[in-house]
Each structure stands twice: as C-alpha cells, then as structure tokens.
Amino acid sequence: MKTNAVSLRLFHIEDTQRLSELANNEKIARNLRNGFPHPYSVADAEKYISQCQTQQPTMNFAIEYQGEYVGNIGLVQGTDVYCKSAEIGYFIGEPYWNKGIASQAVQLLTKYGFETLELIRIYTGVFEYNRASKKVLEKCGFTREAIFRKSI
C-alpha cells in the first residue's frame, strides 16, 4: 500500500531500534492509550514487532516516508456483533510531523480496512487537545459523531 511518498508495510526486526527511538516521546505517549508504554524501550519495540509479525490478517503496519520508517498505524477489529468495525490508531515520530504523512497513512489503511478486511465502519477517539489528529481525520473524511464528556 503506497502513495508517492508514504507506504505501509509489514514490520521488520530491523525496525526495533528506530521504533524505540521514535516512540520514546512523551508528546506521543500522552496522545495514545495507557497500553502504549512510556518510556518506550527496545524491549517494548521487540515485543510489539513480534506480535505484529504473527497477526492474521495483518492489522498493524510500519509507516515509511520516502523509504524511511517514521511511525505505526493499525486497526483493532471489534468482536462479536462489532466484528465489521475497527478502531484506527497511529503515531508519527515527531521529526516527521506536519508533512501530511499521517493523512496519507490513514487513507491507505482505511482503504485496506474497507476493501481487504471488508469492514463497514472504521472509527477512533481523539483527545480534545489533539487538534493535529482531528485535522488528519477530517481531511480523510472521518466525521465527528460525539463528544464523550467526563469519560477520561
């Protein structure tokens, strides 16, 4: 899956060091769920990449920008009656912010979710202060449906 500058690919063990470097950033961690460790160690990266390499179907991908690993993107598919829905999540390493990478990656993964995984709904939650992520999602055609007051 790729555009001119951005591609989504499977993780390689060689991504371990770079993943730990990019992910070990409080600005990233505070915008993700509690399951995302901070600080983010090499061992955390090894564990994550190992889990991703065994997924069937593949739900998590490395994001490359101009041939360089710059972040992660993935889907968490629902279960039971929600099996045709999935939550999208992503992060881009801080040196690569404001380059349109996240928008291109979200578009690619959304297409994969609908066309390959045959999902009917892809959604996510965004912290109120994360304007950049809101902008990415709006640019990709996502629509705000609700504000969950006092939920976090």
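Student: What percentage of the 152 residues of the protein count as buried?

Tutor: The share is 42% of the 152 residues, where buried means under 20% relative accessible area, exposed over 50% and partly exposed in between, with a 1.4 Å probe and protein chains only. This is a predicted model, in which local features need pLDDT of at least 70, side-chain atom pairs count only at pLDDT 80 or more, and totals for chains, interfaces and linings use all residues. Residues are numbered from 1 along each chain as its sequence is written, and side-chain values use heavy atoms, with hydrogens and water left out.

Student: Why is Leu22 called buried?

Tutor: Leu22 has a relative accessible area of 5%, so it counts as buried. This residue lies in helix α1 (residues 16-23); helices are DSSP runs of H or I with at least four residues, strands are runs of E with at least two, and both are numbered from the N terminus.

Student: Which residues is Leu22 in contact with, leaving aside its neighbours within four places in sequence?

Tutor: Contact means heavy atoms within 4.5 Å. On that basis the partners of Leu22 include Ile28, Tyr69, Phe91 and Tyr96.

Student: Why is Phe127 called partly exposed?

Tutor: Its relative accessibility is 22%, and Phe127 therefore counts as partly exposed.

Student: What makes Phe36 and Phe91 an edge-to-face aromatic pair?

Tutor: Rings of Phe, Tyr and Trp (its six-membered ring) pair if their centres lie within 6.5 Å; planes under 30 degrees apart count as stacked, over 60 as edge-to-face and the rest as tilted. The structure holds six aromatic pairs. For Phe36 and Phe91 the values are 5.7 Å centre to centre and 70° between the planes, hence edge-to-face. Phe36 lies in the loop between α2 (26-29) and α3 (42-53) and Phe91 in strand β4 (residues 85-92), so the pair ties together parts 55 residues apart in sequence. Both Phe36 and Phe91 are buried.

Student: Why is the pair of Phe127 and Tyr129 called stacked?

Tutor: The planes of Phe127 and Tyr129 stand at 0° with the centres 5.7 Å apart, and the pair is therefore stacked.

Student: How do you know that the radius of gyration agrees with that of a compact globule?

Tutor: The radius is taken over C-alpha atoms, and the globule rule is 2.2 Å times the number of residues to the power 0.38. With 152 residues the rule gives a value near 15 Å, and the protein has 15 Å, so the two agree.
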